[in-house]
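I opened a new notebook page for this chain. My plan is to look up a few places and write down what I find.

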Amino acid sequence: MKLIAPKPFTIEAGNRAVLLLHGFTGNTNDVKRLGKYLADRNYTVHAPLYKGHGAGPDLLIQSNPIEWWNSVIEGYDELKNRGYDEIAVAGVSLGGIFSLKLGEERPTQAIVTMSAPATSKSTDSLQNRIVDYAINYKKLSGTYDEAIDSRTKIAELMKMPSLNYLQSMINETSEKLNVIQTPVHILRGLEDDEYYCESADLIYSSVKSRIKSVKTFINSGHILTLGKERELVFEEIYRFFEGLKWKN
């Protein structure tokens with residue numbers, strides 16, 4: 001079975017622009033429905049695809065966090081080059097911490113984080129995500145063989161040393177949260193791992209924004225934009241943006 005690779009997308013719909021960032025081992029499909037929701041309400045949206053994501057696991061482990069971050073910067077610059085001066089950013093999971101990093105390094109109108117990691121933890125869970133991704137990819141492409149594709153064997157083949165650098169990037173971003181004064185809205189799912197719920201509290205207490213808030217969705221897990229409360233998530237983000245002062 002031939003899989004259709006996801007791509008970056010842009011929908012130009014208004015003067016207000018939002019950069020949408022997907023998660024680790026995810027792709028632009030993570031934020032496509034959110035993008036359409038915002039575009040239908042007169043927001044221009046752009047979602048970059050991180051290098052190595054959205055294709056086979058071999059390409060993923062050959063990429064690295066610096067390249068993923070460069071994809072974010074390229075996405076921001078794409079909106080700038082199209083003439084958008086005020087850019088908000090919204091990201092889920094890794095895209096959430098990248099949204100905060102962007103707020104530390106570039107002018108942003110507002111920041112929405114969803115299920116963002118913000119504290120130190122073992123890279124084992126990230127490595128497990130790669131194994132899950134590889135198994136799911138094999139199953140979807142029809143190349144999975146239960147006899148030879150054991151989880152242990154795939155884990156040996158899919159080791160990614162740069163995950164240590166990714167964790168250090170998360171830590172460095174968290175240490176600089178106090179430079180953020182942009183309005184920040186922090187979303188989390190109560191059914192998510194406690195680590196991400198605790199990270200939400202850390203982000204809230206660390207940023208120096210005069211406008212900052214936390215919203216918990218009680219029936220949602222990690223990828224809020226794909227969960228059963230996604231329409232409520234979309235509305236929450238839209239209302240947050242609508243409550244801000246934009247020049248245009």
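The model is a predicted one.

**Entry 1: two loops**

I looked up Thr-25 first. Thr-25 sits in the loop between β2 (16-21) and α1. Its phi is near 65°, a positive value, and Thr-25 is not glycine. I noted this because most residues other than glycine have a negative phi. Is Thr-25 buried or exposed? The cut-off for buried is under 20% relative accessible area. Thr-25 has 14%, so Thr-25 is buried.

Next I went to Ser-93. Ser-93 is in the loop between β4 (87-92) and α4 (94-105). Ser-93 is no glycine either, yet it has a positive phi of about 60°. Its relative accessibility is 3%, so I wrote Ser-93 down as buried.

**Entry 2: the largest pocket**

I then turned to the largest pocket. It holds about 580 Å³ of space. Its lining counts 23 residues. Which of them lie nearest the centre? I found Thr-25, Gly-26, Asn-27, Tyr-133 and Leu-140 there. Two elements give two or more residues to the lining: α1 (29-39) and α5 (124-141). The largest share comes from α5, with six residues. I also sorted the lining by class. It has 11 nonpolar, nine polar and three charged residues.

How many residues of strand β6 (residues 184-189) are buried? I got six of six. In a regular strand the side chains alternate between the two faces of the sheet.

Strand β5 (residues 111-114) pairs with β6 in the parallel sense, over four bridges. There Val-112 stands opposite His-185 of β6. Strand β7 (residues 212-217) also runs parallel to β6, and six bridges join the two. Ile-186 has Val-214 as its bridge partner in β7.

**Entry 3: helix α9**

I checked the length of helix α9 (residues 230-242). Its 13 residues, at 1.5 Å a residue, should span 18 Å. The end C-alpha atoms are 18 Å apart, so the two values agree.

Which residues of α9 are buried? I listed Val-233, Phe-234, Ile-237, Phe-240 and Phe-241. They cover an arc of only 130° around the axis, so they are on the same side of α9. The spacing fits a general rule. An α-helix has 3.6 residues a turn, so residues three or four places apart point the same way.

I ended with two pairs. Trp-69 lies in helix α3 (residues 65-81). Its relative accessible area is 9%, so Trp-69 is buried. Trp-69 and Gly-95 are 26 residues apart in sequence, and their C-alpha atoms are 9.6 Å apart in space.

Ser-174 belongs to helix α7 (residues 163-175). With a relative accessible area of 13%, Ser-174 is buried. Ser-174 and Ile-203 are 29 residues apart along the chain, and 7.5 Å separates their C-alpha atoms.

Notes: Residues numbered from 1 in each chain as written. Predicted model: local features only at pLDDT ≥ 70, side-chain atom pairs only at ≥ 80, totals over all residues. Heavy atoms only, no water. Expected span 1.5 Å × (residues − 1). Buried < 20%, exposed > 50% of the residue type's maximum accessible area, 1.4 Å probe, protein only. Arc of directions from axis to C-beta. 1 Å grid on protein atoms, 1.4 Å probe; cavity = no way out; pocket = protein on both sides within 12 Å on 5 of 7 lines; lining within 4 Å. Points joined across faces, edges and corners; volume = space filled by probe spheres on them. Nonpolar A, V, L, I, M, F, W, Y, C, P; charged D, E, K, R; others polar. Pairing = 2+ DSSP bridges.
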